[in-house]
Amino acid sequence: MANASDMNSSAMRHLLVPAANMEKLGSETLPRLERSGGIYVYDESGRRLMDGPAGMWCTQIGYQRREMADAIAEQAMTLSYNSPWYMTNSPAIELSEKIAQLTPGDLNRIFLTTGGSTAVDTALRFVEFLNNALGRPSKKKIIVRKDGYHGSTSLTAACSGREGNWKNFDIASDKISFISSPNARLHPGLSEADLLEKLVKEFEDRIIELGPENVAVFLAEPLLASGGVIIPPAGYHARFKAVCEKNDIVYISDEVVTAFGRCGEWFASEDVFGVVPDIITFAKGVTSGYVPLGGLAISDKLVARVSGENAKGTFFANGYTYSGHPVSCAAALKNIEIFENDGLLQHVREVGPYFQSALRALEQLPLVANVRGTGLVACVECLVDKSATTVTDQDKKIGARIDEIAFELGLIVRPLGNMCVLSPPLVITKQQIDDMVGILKQAIVRTAEELG
Ligand SMILES: Cc1ncc(COP(=O)(O)O)c(C=O)c1O
């Protein structure tokens with residue numbers, strides 16, 4: 001089946017991909033990648049494309065790192081698998097210790113999963129287990145934000161505030177309560193401080209309305225990545241954590257996107273956003289996308305409430321065949337070593353501001369309503385009416401057209417409606433940032449010209 005047209009027709013006949021357009025199933029297929037190197041991928045025709053979204057916010061150290069491939073191969077030849085239900089392995093132990101050193105506060109207990117959704121799902125199940133063990137079976141509600149994204153299991157999808165993804169699915173919404181997105185653009189005229197007060201009050205009111213005895217979790221990304229790189233007002237997370245503490249609510253920081261260097265730190269919760277959560281979830285960048293892995297770090301304080309004497313004979317019977325997979329853990333250890341040897345966090349702190357200011361300069365262009373971000377993650381939001389607070393179908397079409405032109409010019413932009421999201425591999429250089437922003441600029445200018 002070497003030839004390209006056979007491959008495409010086979011894809012159309014057999015593949016069901018995430019977010020498949022079901023109307024076009026069987027008649028359309030996605031661009032197919034064949035190989036990669038550095039911050040570039042190459043499609044079936046050999047065309048080089050700059051990887052603007054770092055795959056799916058994950059290819060931190062870049063593609064084709066020989067030392068990573070060697071570490072994976074070596075572990076595969078040493079111990080390729082063990083059942084995590086009744087055995088463990090050295091890479092999983094070493095990785096847990098290493099991650100515990102990198103997390104803030106006393107988040108020292110590490111549970112390893114297969115990706116981000118299973119990490120968040122496990123975090124939520126851990127809190128469910130905790131509250132049942134503590135004899136408070138009604139404390140089950142999960143408060144989340146509109147525009148948040150937490151995964152694709154039944155429960156994590158229900159926690160994700162983008163209703164467009166819910167059509168034709170049954171959503172377990174009885175447990176979930178949504179509060180506002182902290183997007184400043186939706187609150188024109190409010191100062192940052194006033195927006196913060198408004199959002200904190202909404203949270204406190206919601207807890208009173210639901211009853212603190214019924215609220216188990218506040219689940220939040222430090223910045224709402226898939227919602228369009230929305231950065232909450234300064235002090236937001238610390239204030240929300242204080243409210244959680246007052247009401248004995250577990251604060252879960254979903255760092256599936258922000259951990260492992262995206263914001264210039266191992267974890268963004270404390271170092272970038274000033275909060276020490278009770279649980280942090282991570283995935284993606286932990287292996288730079290070479291193999292799947294996710295996990296969560298839980299505070300010793302929380303674990304102590306349901307372990308030892310407090311366990312009363314119970315088992316935390318949650319897990320996966322591939323929890324703590326030795327090959328994935330060896331890859332994560334090598335990934336962390338590469339970060340350290342390359343000084344990758346320092347590199348992000350250096351090139352991040354350059355990336356942000358190059359993108360902010362695009363605000364001068366027609367269509368560009370807002371540019372926001374931090375470190376090496378940013379969103380260029382495009383609107384026909386730059387001051388609008390709602391997004392029209394035309395805005396979404398414009399976003400798609402910009403992505404299309406950028407693609408023709410050799411840059412992949414994450415397709416997210418009217419928002420152009422960029423989160424390149426962390427090894428990107430200033431010259432490559434110039435190339436990337438240059439292509440995006442051309443794509444926006446050409447789209448504006450087409451619009452007339
Ligand atoms: C913040 C956040 N949480 C969880 C997930 C789910 O991760 P995965 O797709 O690895 O299951 C994602 C995926 O993009 C995410 O952005």
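Is Leu25 buried, partly exposed or exposed? I looked it up: Leu25 is partly exposed, at a relative accessible area of 43%. Here buried means under 20% relative accessible area, exposed means over 50%, and partly exposed is in between, with a 1.4 Å probe and protein chains only.

**Ground rules**

I note that this is a predicted model, where local features need pLDDT of at least 70, side-chain atom pairs count only at pLDDT 80 or more, and totals for chains, interfaces and linings use all residues. Residues are numbered from 1 along each chain as its sequence is written, and side-chain values use heavy atoms, with hydrogens and water left out.

**Entry: the patch**

I placed Leu25 in the loop between helix H1 (4-14) and strand E1 (33-37). Helices (H or I, at least four residues) and strands (E, at least two) are DSSP runs, numbered from the N terminus.

**Entry: the ligand**

Which residues surround the ligand? I listed Gly115, Gly116, Ser117, Tyr149, His150, Gly151, Glu221, Asp254, Val256, Val257 and Lys284. To be near, a residue needs a heavy atom within 4 Å. By class, this shell has 3 nonpolar, 5 polar and 3 charged residues. Ala, Val, Leu, Ile, Met, Phe, Trp, Tyr, Cys and Pro count as nonpolar, Asp, Glu, Lys and Arg as charged, and the others, Gly among them, as polar.

Next I checked distances. A ligand nitrogen is 2.7 Å from a side-chain N or O atom of Asp254. A ligand oxygen is 2.8 Å from a polar backbone atom of Gly116. For Lys284, a side-chain N or O atom is 2.9 Å from a ligand oxygen. Taken alone, the ligand exposes 390 Å², and the protein buries 83% of that.

**Entry: salt bridges**

How many salt bridges are there? I found 22, where a salt bridge is a side-chain nitrogen of Lys or Arg within 4 Å of a carboxyl oxygen of Asp or Glu. Side chains of opposite charge can pair when their charged atoms come close.

I looked at Arg65. Its salt bridge with Glu67 has the closest N and O atoms 3.3 Å apart. Arg65 is buried, at 15%, while Glu67 is partly exposed, at 33%. Arg65 also meets Asp342 in a salt bridge, at 2.9 Å, N to O. This pair links distant parts of the chain, 277 residues apart: Arg65 is in the loop between helix H2 (54-57) and helix H3 (66-78), and Asp342 is in helix H11 (residues 326-342).

I then turned to Glu44 and Arg32, which form a salt bridge at 3.6 Å, N to O. Arg32 is buried at 17%; Glu44 is partly exposed at 32%. Arg32, Glu34 and Glu44 are linked in a network of salt bridges.

**Entry: positive phi**

Most residues other than glycine have a negative phi. I noted Asp147, with a positive phi of about 80°, in the loop between strand E5 (141-145) and helix H6 (154-158). I also noted Val229, with a positive phi near 50°. Val229 lies in the loop between strand E7 (215-220) and helix H8 (236-246). Val229 is buried, at 0% relative accessible area.

Terms used: A polar contact is a pair of N or O atoms within 3.5 Å; within protein, one must be able to donate a hydrogen and the other to accept it, and residues adjacent in sequence count only if both atoms are side-chain atoms. Accessible areas come from the Shrake-Rupley method with a 1.4 Å probe; for residues, only the protein chains shown count as cover.
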